[in-house]
Amino acid sequence: MQPDHILLRFGELTLKGRNRSRFENQVVSHVQRILKGYPNASLSKTFGRVYIELNGEPYEPIKEGLKKVFGLSSFSPVLKCAVDLEEIQKVALSAMLSFSKEPKTFKVRVKRAYKAFPYVTQELNHLIGSYVLRQMKDLKVDVHHPEVELTVEIREEGTFVYSETVQGAKGLPVDSSGKSMLMLSGGIDSPVAGWYAMRRGIQIEAVHFHSYPYTSERAKQKVIDLTRILSEYTKEIKLHLVPFTEIQTRLKQMKNDNLLITLMRRAMFRITEKLAEKEQAMAIITGENLGQVASQTMPSLHVINKVTGIPVLRPLIMMEKQEIIRVAEEIGTYETSILPYEDCCTIFLPKSPSTNPNLRLVEKLEAGMDWMDEEIDRAVRDTEVMTITSDMKDEPELSDEFERLF
């Protein structure tokens, strides 16, 4: 079926009360960025429904863009026709005949919002269904488990017929829940953590630690590529590339190998917190997963967390690894994440890192590092900042008319 409209659904945004219009406007702004490359397509809103009028623009590429809009629960490709029984029957049949493989069973579900239409819902179910059955001899009705559920919405402004519901990214629109710093390592987990954070409306800025020349330019490019993939779900993402070589090598020289990872992570958190203060971010996001590695046991997380005064959000903390991999594959980061370019957390990995570090001992060791504060400040000063964007163009302003509709 080549639709002429797309019906958009906002999901949990309908529960936002007085803030609903603000949240919906943010979703609509993202949709408008997707439509920027399709000049004939336009948005319209009527009685609780938002539609894209395609006006000849292709459905499939717009569909792929809509899948990446946070706050969009689902959407459906739609055929629109007049509020006329014969027209509705013909369009319903056209929708059923559009499948590449003819379905064996179906049901009709009528939503009669236009109460002046001279047929009640049950009549319409029968009148539309029987018409389709007469034209498709091998088709049968199954009201419980149909292959196709044909939905017919009858409204004053027209009738909308559809049989497919495409799942959206759901969640809250990006930038609706404040800003946080994502510690982006280049592995599988941290990009997924960033995606989950954005899905809850958080604007992220990524922070990556590199230890040149121990880490290569290809490792840096890998992180840039991961940030670009994540930026497809928002307008742009700022990436902070932190030089970590000096701190890492000096920690290695201290000969406390079992605590090296703990000390490194605490230094990273201190730097990220300072960057958060500069960028007015309210939290740190990590891809940590309980028990996955030595620094992610409960005692290690406790000791590492003590070094920062702002909240640390860990979206993946209770997830199974295969579940994280599945999400990474779905959002498009997995193939880039598994490229074999080492990050700074793996190049000096000790043979037996502590899984139960002692906080007093760690703090005592750090108290003797009279160089640490200066090096942390230097790392913050020397951080390279890049703004990574997807192929989306600048965000358009909402038209006065559309603003009024919301």
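This is a predicted model: local features need pLDDT of at least 70, side-chain atom pairs count only at pLDDT 80 or more; totals for chains, interfaces and linings use all residues.
Me: Which residues touch the most other members of the largest nonpolar core?

Reply: Those are F209, F244, I247, L251, I271 and M372, in a core of 34 residues.

Me: And which elements give two or more residues to this core?

Reply: Two strands do so, β10 (179–183) and β11 (203–210). The helices are α7 (245–252), α8 (260–279), α9 (298–305), α13 (359–367) and α14 (372–381).

Me: Which of them gives the most?

Reply: Helix α8 does, with 10 residues.

Me: Let us take I271. What does I271 touch, leaving aside residues up to four places away in sequence?

Reply: On that basis, I271 is in contact with F209, V242, F244 and I247, and also with I376, A379 and V380.

Me: Which residues does the second, separate core include?

Reply: That core has 31 residues, among them L182, L230, I285 and I331.

Me: Back to α8 and α14. At what angle do their axes cross?

Reply: The axes cross at roughly 50° and come within 10 Å. Because of that angle, α8 counts as oblique to α14.

Me: Is that crossing left-handed or right-handed?

Reply: The crossing of α8 and α14 is right-handed.

Me: Which residues make the contact?

Reply: Helix α8 contributes A267, R270, I271, K274, L275 and K278. From α14 come M372, D373, I376, D377, A379 and V380.

Me: How many of those are nonpolar, polar or charged?

Reply: The contact of α8 with α14 has seven nonpolar and five charged residues, with no polar ones.

Me: Now the other pair, α1 and α2. At what angle do they pack?

Reply: Helix α1 (residues 20–35) packs on helix α2 (residues 59–66) at about 145°, and their axes are 10 Å apart. This crossing is right-handed.

Me: Which residues are involved there, and of what class?

Reply: V31, I34 and L35 of α1 meet I62, G65 and L66 of α2. By class, five residues in this contact are nonpolar, one is polar and none is charged.

Me: One last topic, S190. Where does S190 lie?

Reply: S190 is part of helix α5 (residues 189–199).

Me: Is S190 buried or exposed?

Reply: S190 has a relative accessible area of 3%, so S190 is buried, the cut-off being under 20%.

Me: What does S190 touch, again not counting residues up to four places away in sequence?

Reply: S190 touches L182, M183, L184, S185 and G287. Of these, L182 is also included in the second core.

Technical notes: Residues are numbered from 1 along each chain as its sequence is written. Side-chain values use heavy atoms; hydrogens and water are left out. A nonpolar core is a set of buried Ala, Val, Leu, Ile, Met, Phe, Trp, Tyr and Cys residues joined through side-chain atoms within 4.5 Å. Buried means under 20% relative accessible area, exposed over 50%, partly exposed in between (1.4 Å probe, protein chains only). Helices (H or I, at least four residues) and strands (E, at least two) are DSSP runs, numbered from the N terminus. Contact means heavy atoms within 4.5 Å. Axes are lines fitted to C-alpha atoms, for helices over the stretch in contact, and angles run from 0 to 180 degrees between N-to-C directions. Angles under 35 degrees count as roughly parallel, over 145 as roughly antiparallel, 65 to 115 as roughly perpendicular and the rest as oblique. A crossing is left-handed if the near helix is turned anticlockwise from the far one by less than a right angle, and right-handed if clockwise. Ala, Val, Leu, Ile, Met, Phe, Trp, Tyr, Cys and Pro count as nonpolar, Asp, Glu, Lys and Arg as charged, and the others, Gly among them, as polar.
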